[in-house]
Amino acid sequence: MYNLSGKKRVVIKVGTSTLSYANGNVNLRRIEELVKVLADLINSGRELLLVTSGAVGIGAARMGFSEKPHEVVQKQACAAIGQNILMHFYDSEFSKHSHTVAQILMTRDVIANKERSRNVSNTFRQLLLMKTVPIINANDSVSIEHLDFDENDTLSAMVAKLSDADLLVILTDVDGLYDKNPDLPDAKLIPVVNDVTNAMIHNANEKGSEFSSGGMLTKLEAAIIAKEGNIPTVIINGEHPEILYDLFENNAVCTLFTVD
């Protein structure tokens, strides 16, 4: 198994399925546990950037939707509502552990533009120097035609590259990449992936909860993007955030995408 204990600058991506219940409401206990672990990892000397999903789903739940809305304007409005809720929780929970958070909302045009992407990289670098926790989300409230990033998986990989991260960790609702649908009794976890194959892409399950939009396919895409920046990727179950301790002690059940 590869040694991840020395990875200092880490991008951690948390999805809607980790942050909220199936009905879209915020999972308060999960967020509290996650932030406590992240704060402790920072205390140990790591630099963390948190890429968070959930704004649209949480905003939709707050406004009484039974599922994520389909109309773009409704998604944008729910994102504005949900982002405020998310940041309130993050700020409150990190403050309990004496850590300051900073919000950065991004769209694809920021990443595509060299000057803007350089500005974002400089901002990441400065925020980490200031010992703050950058919390990044897609700026869905001003997205023009579609939500810019599917469940923010690709965004997390881009953030990893822009921040010169040592590792990308994607928290989700399964233990990692399986050789077939993980709901099948004979499905087997793939612990290490050296190259993403066409068969893996074909088998990727895109079905998420009613309030999430991502799936394994977008996580494979994220791993491919991160590898372009020589950054390994881990897909791991975020149900119990304490598993991150096991990850950095090289004992976690997960899938590692190598860069060798």
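Predicted model: local features only at pLDDT ≥ 70, side-chain atom pairs only at ≥ 80, totals over all residues.
Residues are numbered from 1 along each chain as its sequence is written, and side-chain values use heavy atoms, with hydrogens and water left out.

Q: Is Leu162 buried or exposed, and at what relative accessibility?
A: Leu162 lies in helix H7 (residues 153–162), where helices are DSSP runs (H or I, at least four residues) numbered from the N terminus. Buried means under 20% relative accessible area, exposed over 50% and partly exposed in between, with a 1.4 Å probe and protein chains only. Leu162 therefore counts as buried, at 16%.

Q: Which residues does Leu162 touch, not counting those up to four places away in sequence?
A: Contact means heavy atoms within 4.5 Å. With residues up to four places away in sequence not counted, Leu162 touches Met106, Ile111, Ser117, Val120, Ser121 and Phe124.

Q: With which side chain does the side chain of Thr172 make a polar contact?
A: A polar contact is a pair of N or O atoms within 3.5 Å; within protein, one must be able to donate a hydrogen and the other to accept it, and residues adjacent in sequence count only if both atoms are side-chain atoms. Thr172 is buried, with a relative accessible area of 8%, and at 3.3 Å the partner of its side chain is the side chain of Asp173.

Q: How far apart are the end C-alpha atoms of helix H4 (residues 72–95)?
A: The expected span of a helix is 1.5 Å times one less than its number of residues. The 24 residues of helix H4 should therefore span 34 Å, and this agrees with the distance between its end C-alpha atoms, 34 Å.

Definitions and conventions: Helix = DSSP H or I, 4+ residues; strand = E, 2+ residues; numbered from the N terminus.
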